[in-house]
Amino acid sequence: MNAEIEIQLIASVVAAACALPGVFLVLRRMALMSDAISHAILVGIVLAFFVTKNIASPFLIIAAAFTGVITVVLVELLNRTRLVKEDAAIGLVFPVLFSIGVILIARYAGNVHLDTDAVLLGELAFAPFNRIVISGYDLGPQALYVMSAVLLVNILFIALFYKELKLATFDSGLAAALGFSPVFIHYTLMSLVSITTVGAFEAVGSILVVALMIAPPATAYLLTDSLMWMLGLSVSIGVISGISGYWLARFMDASIAGCMATMTGIFFILGLLFAPERGMVALARRHARNRWEFALWTLAVHLFNHENLPESATENRVDHLHEHVGWDREYAQKVLTHAKQRDIVEQENGRLYLTRTGRQMAKRALVK
Amino acid sequence: MDNEEIKAIRVDDLTVAYRDKPVLWDIDLNVPPGVLMAIVGPNGAGKTTLIKSILGLVKPAAGQVLIYGKPYQQQRSLVGYVPQRESVDWDFPTSVLDVVMMGRYGIIGWIRRPGREDRELAMQALEKVRMQDFANRQISQLSGGQQQRVFLARALVQDAKVYLMDEPFQGVDATTEKAIVELLQQLRSDGRTVAVVHHDLQTVIEYFDWVTLLNVRSIASGPVAEVFTDENLHLTYAGRVAFSRESKEQKNSLSDGDKQ
Amino acid sequence: MNLMQILKGLMFDYTLRTVALGSGILGIVSGALGVYAVLRKQSLLGDAMSHAALPGIAIAFILTGSKAPLVLILGAAAAGWVGTLFIMAVLNKTRIKDDSALGIVLSVFFGFGLVLLTFIQKMPKATQAGLDNFLFGQAATLMERDVIIMGLLGAAVLIIMMVFWKEFKLLSFDSEFGSSLGFPIKKLDFILTGLLVVAIVLGLQTVGVVLMSAMIVAPAASARQWTDKLGLMVALSAVFGALAGMSGAIISSVTAHLPTGPTIVLCISFVVAVSMTLAPNRGLLWRWFRERRNNRRLRLEAVLLDLGMLAEQHEDLSHGHPASVLNTMSMGQGGVERSLEELERRGLVQNINEDEWALTQGGVKEINRILEHREVKKV
């Protein structure tokens, strides 16, 4: 395998591994926990590095994942004091931990290849240089193995606890009543987020992990209502962002991780605009159509409400639409013409009468 | 109809839609001055939306609202508003007196700060709701009933002719409820019009003299004696329930109401 | 001017003075505006804004080739605005929730900013633009002209905040009520958000885009613990922000390999920790003491009432009752003996013989007082 393909493979695996727990973060409205965790684990990595003196030690991953969970606990503790609101609690915790991490790196780790640039950007381009070689056989880049393992853990967890996760996400009260501890699910999920973040950290850096975790699931959320589909789509969008990001980076001669994040953003914007049902274009078109339809309904309901009542002589008149319903004359006339075409109203000496179709329409509208 | 006496609140053919779904359908409402009106209906009936569209907080798809014969925008100073208690953060760093003075902000106008007169008026309003001893308290130290009284005091300093209140009895103890009712009845006898979103069907007859039954469309509106009938209540709660889950509860409270 | 004189007296060093002044200004402005962000539960909007500013800085540099602070600040503010508008649009038009919208803007804008930075580094002629400093901040790069611009912009922000004081308070506390009074709440929201963007952008050079949000959240969160008044909270928050900003910037300037942003964040976080523990009334320490006192009082009252119940069964008030019975009645809460001794010290009970206790007249009075008090509370 050449380095080019290896980098794309790693990018794909990282993106897929991030997207899976990301789906649940987005659905559980905890997207910003990934932001907090990805910043905070830096301290764990640095401290573990001081102990092991080996940047590739698996101990780093454990320590960092542990820091991630501590962050979650800290935020919750702070929240529980009720001295600050939840958003502020997140905003207070992770800057401290991140600052400690950055300062430690700047002061004591300056001579190893853990610098602040690597923290923010990762070093995907260098990933193929760090290889696993066993008795002379080159087994491929280490990052690929690490991230594949993380991906596997994520898949296993979601496959095993699919039902519980779904329940805990959409109805945590019911889940608790049925005996699935939402707390257990919560902390396991947070541990997964931490592990995934640590694994991806080396490749794409701390802040861009957030992009890979949140943007593809959010895009998928615009496209589908099914959890299964959302998982699949998130992974696909993540992988496509990873690979296209790589080529964008090649083309621009810029940071790969940055380009991957940019691509997730571009896909999100595409989804935002063109998602078949929820996209802005679809919404605008539906709204334009509905506005018209809605005007007809309004007219029918209005006439129906005042039918056979003494005031109908004044209420159900063409002029009245302008005066009271608040439509300008031109628009009212348009709606009226349309309504006549659709056989909803009849007009007689400026008075308006519902037809049978119109009356049914009004009744249907009111029952709805 | 233009010869009739001028209505305090007049709503014509009001339709409100949220994302193309109707929340209120063609509502007509004529509330004469000097009545105390309950707005009653099941959850999701659009009671809050009705109040908010009268206040111009929600943009209607069709229809118009007149306060004493003119659009709300021209009659703002005539209208006082008591939002739902839960709609604000009671941990906000401010005092009771400060919140009450907010009722004067519309009269004070842009940029100018509240002065001594505003302070005195706010204190008077607090006395009316018997909260004068709490004037300098931080609002987070208040109980639910006290919070509600503060909101009422804030509306009182508005010195309005028409009051719109969203569930002023929500989460309030019996003593406070009684005090609030007395206050509302006092307002009515001063010739003011008070419209109240109300949940407890059992107290409608006791507290109010006017009622609007609402369930997405207006079922009936008028004097309690004429309008608050079993038939209308059934129409409001049983037939066209907007969300079927709530219908059970509502039926229960309905049957409770029947026992009276 | 007082502050200036103190500073002048303290420091003879031009750089240090500039740094201290600059970070003091940034602390005041972000502290003051941060109060509104925190009260309106927009703490993390600041985080998104500051990250979103990075591509703006890069684009401003690419377009103009200038590193003049005003140019970069304008770029940053524009990008911060775009990010905010994007979040609002996503929230209004889709079912995506605020956390995801913030997360996307924060990370994607930042990622794009990093792409542009690496791109700039490879541009011919670009003398390693020094834009990297915007990541974690570098107070030492502050120049006098930067500080002057910060001061002017900061003063403008604060003046606008004061002018619309009443309106912003209304907006933050009860915007719908404000709207019903006829205030254009959307426009006010627009202005206040704009002020927040400026406050954030002012600090980017010193604190950096990554950690600037802490300067929005932390001073306000600290100040909230000390006061229940909005005005005092804004003032305190500004003071905390200024203190942390200046001390952090000075420490980092005089120490090698100490990035400014993280140092300032540690300083302000220290203030947060102190405030949350020690602040009267709200502080955790206070709360702990209060709870302990309360518990002790409740324990004493419980023992006294139990003894009262026993005494009711005897006409003779001085009939002794064994502590072991009281112990059983307290359902194993323990500390009955200690409570009895304390009650004796207060003259409410008396020790009849070794292990038997009885009420005094004072004890009976106290019981009646307690019961009355509880009755009132119930009503």
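**Figure 1. Salt bridges across the whole predicted model.** A salt bridge is taken here as a side-chain nitrogen of Lys or Arg within 4 Å of a carboxyl oxygen of Asp or Glu. The structure is a predicted model, and a search of the whole of it finds 28 such salt bridges over all chains. One of the pairs is formed by the side chains of A:Arg342 and A:Glu293, which meet with an N to O distance of 3.4 Å. A:Arg342 lies in the loop between helix H16 (329-341) and strand S3 (345-348) of chain A, whereas A:Glu293 belongs to helix H13 of chain A, so the pair ties together parts that are 49 residues apart in sequence.

**Figure 2. The interface of chain A and chain C.** The contact takes 59 residues from chain A and 55 residues from chain C, and the two chains bury about 4,800 Å² between them, with 75% of that area on carbon and sulfur atoms. On the side of chain A, the residues that lose the most area to chain C are A:Leu32, A:Leu83 and A:Asp87, which together account for 14% of what that side buries. Between chain A and chain C the count is 13 residue pairs in polar contact, both residues of a pair being at pLDDT 80 or more. At least two residues of the side of chain A that touches chain C come from each of several helices of chain A, among them helix H1 (3-27), helix H2 (31-52), helix H4 (86-108) and helix H12 (256-274). The largest share of this side, 15 residues, is supplied by H4(A). Sorted by class, the residues of the side of chain A that touches chain C divide into 39 nonpolar, eleven polar and nine charged.

**Figure 3. Close-up of a salt bridge between chain A and chain C.** The count of salt bridges between chain A and chain C is two. One of them joins A:Arg29 to C:Asp98, with the closest N and O atoms 3.4 Å apart.

**Figure 4. The interface of chain B and chain A.** Here 19 residues from chain B are in contact with 21 residues from chain A, and the area that chain B and chain A bury between them is about 1,600 Å², of which 53% is on carbon and sulfur atoms. Two salt bridges are found across this interface, including the one in which the side chains of A:Lys85 and B:Asp89 meet at 3.4 Å, N to O. The elements of chain B that give two or more residues to the side touching chain A are strand S1 (9-18), strand S2 (21-31) and strand S4 (62-67). Of these elements, S1(B) gives the most to that side, with five residues. By class, the side of chain B that touches chain A has six nonpolar, three polar and ten charged residues.

**Figure 5. The boundary between the two domains of chain A.** Chain A is divided into domain 1 (3-278) and domain 2 (281-367), and the centres of these domains, taken over C-alpha atoms, are separated by 54 Å. Six residues of domain 1 of chain A are in contact with four residues of domain 2 of chain A, and the area buried between the two domains is about 300 Å², with 49% of it given by carbon and sulfur atoms. Within domain 1 of chain A, the residues A:Leu273, A:Glu277 and A:Arg278 lose the most area to domain 2 of chain A, together 70% of what that side buries. The count of salt bridges between domain 1 and domain 2 of chain A is zero, while the count of residue pairs in polar contact, both at pLDDT 80 or more, is two. The side of domain 1 of chain A that touches domain 2 of chain A has four nonpolar, no polar and two charged residues.

**Figure 6. The fold and extent of chain C.** Chain C contains 16 helices and three strands. The radius of gyration of chain C is 30 Å, well over the 21 Å that the globule rule gives for 379 residues, so chain C is more spread out than a compact globule. Along its principal axes, the C-alpha trace of chain C spans about 100 × 55 × 40 Å. Chain C is divided into domain 1 (3-263) and domain 2 (286-378), and the C-alpha centres of these two domains of chain C lie 58 Å apart.

Note on methods: Residues numbered from 1 in each chain as written. Chains lettered and ligands numbered in written order. Heavy atoms only, no water. Contact = heavy atoms within 4.5 Å. Buried area = accessible area lost by both parts, 1.4 Å probe. Helix = DSSP H or I, 4+ residues; strand = E, 2+ residues; numbered from the N terminus. Nonpolar A, V, L, I, M, F, W, Y, C, P; charged D, E, K, R; others polar. Domains from an automatic or database assignment. Polar contact = N/O pair within 3.5 Å; in protein donor to acceptor, adjacent residues only side chain to side chain. Rg over C-alpha atoms; globule rule 2.2 N^0.38 Å.
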